[in-house]
Amino acid sequence: MKSDDVEKLVATAKKYLWPAFARDASFFGRPVSIIKSAEGRYFLDSFGNRLLEPNSSGGAAPLGYNLPELMQAVSEQMSLIINTTPSLFAPTEPIVWLAEKIAHISPGNLTYTIFGSNGTDANEAAVKIARHYWKIMGKATKYKVLHRYPGDYHGFSLGMSSASGHSFRRTAFEPLMAGFVAFHAPNCYRCPYNLTHPECDLLCAEEFRKVVEFEDPSTIAALISENTNTGLGMVLPPPGYMQRMREICDRYEILMILDEIITGFGKTGVWFECEKYDIVPDMIAMGKGIVWGCGPLAGTLVRGDITEVFTGANALQHGFTFGGLGYLAAAGLAGIKYVEEHNLLARASQIGDIMSRELGAIKDRSKIIGDVRVNGVLAGVEFVRDKSTKELFVDRAAVSNLIVKVGMENGVLLPCSTWYGDILMLMVPMTMTDDELGMLFNAIEKATAEVERQFL
Ligand SMILES: Cc1ncc(COP(=O)(O)O)c(C=O)c1O
């Protein structure tokens with residue numbers, strides 16, 4: 001693109017585009033890209049850059065961009081019928097096959113999927129199902145929803161803002177909805193109780209139990225949580241934690257809703273992360289990877305026996321006009337087939353091993369990487385001003401901007417969040433090659449060195 005055209009594009013974006021996710025008007029003054037097209041795992045931007053993209057659009061595109069198998073599935077289904085709406089009670093064929101496939105690849109007796117359009121509504125549907133379920137079961141007093149903070153983001157509707165642990169995404173919209181109760185999420189690197197695993201005996205899970213007791217189990221419908229707290233910067237659950245949470249839910253008759261919107265569909269080396277902890281939740285909220293980045297498709301996967309009580313006058317009043325687009329379901333199926341045929345669950349685990357080793361080595365060599373947390377293709381790299389005190393940088397935005405700038409100079413669009421510190425949020429495509437991983441590690445090491453030079 002000619003430089004005049006590029007300037008016009010940026011000026012137009014500044015004038016008319018309200019960037020979402022809390023970017024303010026100065027956003028386009030930062031080292032950002034405007035994207036023209038993609039080649040597999042690379043963005044081609046309007047400024048002439050070719051950039052490796054190791055965040056997979058927030059985990060939504062775990063097979064990279066423009067995979068021919070996905071694009072073909074979408075266009076074939078579009079050429080048959082653009083869509084039907086769920087209120088017609090006439091689903092398209094791929095929706096049926098995708099629901100069946102999900103039931104087969106998910107654990108336990110999770111059977112039925114109700115489709116929606118985005119992760120937020122998949123979580124919201126789960127909460128509605130939980131509340132309605134207890135009414136059907138004659139336990140109408142069970143309505144509260146327990147959720148974790150900090151991190152554990154579940155979406156931007158008012159309902160899911162009320163259920164999320166990102167405080168910076170809540171207070172501006174208060175009053176939030178009644179009936180949501182927060183308790184502390186685990187974080188072994190910065191333990192809220194200043195304890196160490198396993199001597200802590202999972203005080204974080206015990207704290208959940210105490211909040212349940214305090215709130216009175218007869219008022220509690222559900223727990224909603226992630227396994228790995230992606231919203232806190234890829235914080236893995238301590239060993240034994242998820243199992244303990246399942247036991248507590250069972251003991252107090254609380255439905256367990258797991259938000260696997262980032263972690264679902266293979267990124268952690270299994271189809272759903274909960275399988276790693278050998279637990280089966282009562283519902284799984286699915287989004288992002290369910291459609292391999294091809295568009296707005298999401299779903300709530302529900303235990304068979306729970307779904308089956310929603311009959312007659314108790315049918316679930318829930319659905320969206322575009323909840324379950326057939327051509328996106330076709331992409332969902334094509335992506336699952338691609339993962340199976342290319343053995344990508346195993347590759348996700350292997351990428352995890354490589355990232356643990358290489359990012360761990362960069363951490364050891366650096367003065368400012370305090371923690372590296374890896375789960376399959378997901379990784380959090382946490383920068384701190386002082387490794388011994390874990391103190392954060394004072395100007396986190398400046399550090400993050402520098403990391404992004406050095407990343408781009410080295411051909412990589414490094415995703416650095418500043419919510420809870422300067423944390424790289426890596427969600428690398430499951431198709432990433434060893435060479436591309438090497439390119440990523442090189443960019444991270446260069447960015448780390450430059451931050452050390454300028455900020456220490
Ligand atoms: C864990 C988690 N849950 C829910 C959501 C909300 O999904 P959506 O943006 O599709 O509404 C997100 C989005 O980033 C997420 O990461």
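**Sheets, ligand and loops**

Mentor: Begin with an open sheet made of 3 strands in the order 1-2-3, paired antiparallel. Keep in mind that this is a predicted model.

Trainee: Which strands stand at the edges of that sheet?
Mentor: Strand 1 (35-39) and strand 3 (50-52) do. Each has a single partner strand, so one side of each is left without a neighbour in the sheet.

Trainee: What does the twist average from one strand to the next?
Mentor: The average is 30 degrees.

Trainee: And how many bridges join strand 1 to strand 2?
Mentor: There are 4, and strand 2 covers residues 42-45. As an example of who faces whom, Ser37 stands opposite Leu44 in strand 2.

Trainee: What holds strands together in general?
Mentor: Strands of a sheet pair through backbone hydrogen bonds, and the pairing can be parallel or antiparallel.

Trainee: Changing topic to the ligand. Which residues come nearest to it?
Mentor: Gly119, Thr120, Tyr153, Asp259 and Lys288 do, out of 13 residues around the ligand.

Trainee: What does Gly119 do there, in terms of atoms?
Mentor: A backbone N or O atom of Gly119 is 2.8 Å from an oxygen atom of the ligand. Lys288 uses its side chain: an N or O atom there is 2.8 Å from an oxygen atom of the ligand. With Asp259, a polar side-chain atom lies 2.7 Å from a nitrogen atom of the ligand.

Trainee: How much of the ligand's accessible area does the protein cover?
Mentor: The cover is 84% of the 390 Å² that the ligand has on its own.

Trainee: Which helix gives the most to the shell around the ligand?
Mentor: Helix 5, residues 119-136, gives the most, with 3 residues. By type, the shell divides into 3 nonpolar, 7 polar and 3 charged residues.

Trainee: Last topic, the backbone. Is the peptide bond from Tyr149 to Pro150 cis or trans?
Mentor: Cis, with omega near -10 degrees. Pro150 is in the loop between strand 5 (144-149) and helix 6 (158-163).

Trainee: And what kind of peptide bond joins His197 and Pro198?
Mentor: A cis bond, with omega about 5 degrees. Look for Pro198 in the loop between strand 6 (180-184) and helix 7 (203-215).

Trainee: Is phi of Asp278 positive or negative?
Mentor: Positive, near 60 degrees, in a residue other than glycine. Asp278 sits in the loop between strand 8 (255-259) and strand 9 (283-286).

Notes:
Residues numbered from 1 in each chain as written. Predicted model: local features only at pLDDT ≥ 70, side-chain atom pairs only at ≥ 80, totals over all residues. Heavy atoms only, no water. Near = heavy atom within 4 Å. Polar contact = N/O pair within 3.5 Å; in protein donor to acceptor, adjacent residues only side chain to side chain. Areas by Shrake-Rupley, 256 points an atom, 1.4 Å probe, with all protein chains shown as cover. Helix = DSSP H or I, 4+ residues; strand = E, 2+ residues; numbered from the N terminus. Nonpolar A, V, L, I, M, F, W, Y, C, P; charged D, E, K, R; others polar. Pairing = 2+ DSSP bridges. Axes fitted to C-alpha atoms, helices over the stretch in contact; angles between N-to-C directions.
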